[in-house]
Each structure stands twice: as C-alpha cells, then as structure tokens.
Amino acid sequence: TVQTLVDLVRGPVGKPVVVTVLSGSSAVRHTVTVARAQIQPPNVEFRLLDGKIGYVQIYSFPANLAAQVKSALDALDRQGATSLIVDVRDNGGGALDAVTAVSSMFVPKGTLLYYMFDAAGKRTDFVADGSARSRRLPAVVLTNDGTGSGGEIFAAVMREQGVARLVGATTAGCVGTGEVFQIDGGGGLQVTVGQMLTGQGKILNRIGVPPDVAVDLGYQDLINGQDPQLQAAIGLLQTGK
C-alpha cells in the first residue's frame with residue numbers, strides 16, 4: 001500500500017534511503033540512494049506555452065499562496081503572455097483566505113466571491129480585497145473530479161464573474177468548512193461546520209462545478225503522455241470555441 005511505502009521511506013533527516021525503481025515495462029532495475037530531508041512540494045508551477053499562452057498550475061491553497069501566484073503571473077506578463085490557463089485539477093483546496101486572495105486577483109474590489117452559513121445560520125461574506133490585476137487576459141480554468149473544496153470555489157468564482165470558461169470534468173462536490181478534533185492515537189476527526197455558497201447563491205457540496213467544455217482524460221492518455229483537457233483549453237483560447 002501507499003502507507004507501507006511511506007513508512008519504509010521515511011526516517012531521520014540526513015540518513016540515506018535506498019530506492020529501487022522499475023522503469024516502465026522494462027525489467028531493468030535502477031537503484032538510487034537518496035538522503036532523507038524535509039520536503040516542501042511546490043504549490044505553484046508555471047510556464048509559457050506556444051501561442052503566448054500562460055499556464056499556471058495551482059496544486060493547493062495554503063496560507064502563503066497569493067504571493068506565489070502573483071509572482072507566477074508577473075513572470076508570465078514579462079514573457080508576453082496574451083491569454084491564461086489556470087490548472088486546478090486534483091487541487092483539494094486549503095485555506096479560505098488563500099482562495100479569497102487568489103480569486104481577488106481577477107475581479108474588482110468588493111465583488112462578492114462566495115459566502116458561508118454556520119450551524120447557527122450566521123452568514124459570512126468573502127469579498128474581493130482590491131488586489132485585481134490591471135491586465136485581464138482571456139482565461140480558461142482546468143478542472144477534474146479531483147478538484148475539491150477551495151479548488152471548486154475558485155473555479156466557480158472565475159466562471160460566475162465572467163473571468164474564465166471551465167474545461168475538463170465536473171469537480172468533486174466536496175465543499176464545506178471543517179474543524180478538526182484530535183482523537184486518541186494521534187489521529188483527527190474533521191467535522192463540517194459551515195455550508196459554502198457561491199456569490200450567486202449556488203450550493204457546490206455534493207453537486208460540484210460542471211465544465212463549460214467537457215473533456216475526458218483517460219488512463220491511456222496518461223500512458224501516452226497526452227493531455228486532451230489541456231489541448232482543449234489551448235484550442236478554446238486560440239479559436240474561441
């Protein structure tokens with residue numbers, strides 16, 4: 001199992017771990033020795049695609065995300081991007097403040113992005129903070145069934161505010177505000193304590209956000225190194241359809 005592998009690989013920082021890898025269908029084994037260390041996976045990656053299309057992939061919404069997204073968008077501006085793809089496929093969400101901050105880069109100050117009701121019926125509004133970028137590029141957001149929580153909220157905001165069209169698959173439909181309670185044995189129990197709605201009052205939990213252009217991405221596509229969802233997004237920006 002994945003957890004068994006994790007338990008075998010983890011260990012004291014600085015001590016080596018030997019990993020043996022089978023590459024593809026080949027029976028050839030490659031042995032690699034790696035020094036254990038604290039790993040901080042990237043939250044944002046970006047590049048300029050052909051046709052001056054800026055591509056930004058957001059893996060999650062941690063508290064410090066806004067500065068990273070701004071840096072990526074600034075770099076793409078300098079490289080001459082004339083349109084934009086934001087990829088939130090398999091993005092499971094994160095901090096609501098981060099979702100608000102990133103969404104605010106694309107819409108005017110004061111725009112109602114989404115809101116929440118707690119168990120007592122109290123409503124909390126989340127509005128754009130005034131950090132909207134001066135350049136508004138034609139945009140597409142990529143989604144799939146692994147896009148959850150904050151990723152879904154972001155995608156919904158981008159479409160409702162007319163910023164972007166969505167390409168890919170319907171999102172996970174797992175949207176809510178949770179609170180974690182510690183339990184014996186070092187585990188935790190997360191309980192949903194608030195209901196989230198989009199700025200237009202749409203419930204996303206158990207429903208998800210359907211794409212404007214539905215495109216499947218199958219296992220064989222991955223094996224062949226193909227990404228039909230990304231290609232569809234590129235085509236949409238190039239042709240408008």
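A pocket is an open set of grid points with protein on both sides within 12 Å along at least five of seven lines. Keep that in mind for the exercises below, which use a predicted model.

**Exercise 1.** Find how much space lies in the second largest pocket, and which residues are closest to its centre.

*Solution.* Begin with the volume: the second largest pocket holds about 210 Å³ of space. Next, look at its lining of 16 residues, where Phe106, Arg133, Arg135, Arg136 and Leu137 are the closest to the centre. Then turn to the elements: helix H2 (residues 65-78) gives the largest share of this lining, three residues. Finally, sort by class, which gives 12 nonpolar, four charged and no polar residues.

**Exercise 2.** Describe the largest pocket and its lining.

*Solution.* The volume of the largest pocket is about 260 Å³. Its lining includes Val6, Val9, Arg10, Val34 and Ala35. Helix H1 (2-9) and strand S2 (29-35) are the elements that each give two or more residues to this lining. By class, there are eight nonpolar, two polar and two charged residues.

**Exercise 3.** Work out the strand order of the open six-stranded sheet, and say which strands stand at its edges.

*Solution.* Read the order as S3-S4-S5-S8-S9-S12, with mixed pairing. Strand S3 (44-49) and strand S12 (213-214) each have a single partner strand, so one side of each lacks a neighbour in the sheet. Now step inside: S5 (residues 83-87) pairs with S8 (residues 139-143) in the parallel sense, over four bridges. In one of the pairings, Leu84 has Ala139 of S8 as its bridge partner.

Notes. Residues numbered from 1 in each chain as written. Predicted model: local features only at pLDDT ≥ 70, side-chain atom pairs only at ≥ 80, totals over all residues. Heavy atoms only, no water. Pairing = 2+ DSSP bridges. 1 Å grid on protein atoms, 1.4 Å probe; cavity = no way out; pocket = protein on both sides within 12 Å on 5 of 7 lines; lining within 4 Å. Points joined across faces, edges and corners; volume = space filled by probe spheres on them. Nonpolar A, V, L, I, M, F, W, Y, C, P; charged D, E, K, R; others polar.
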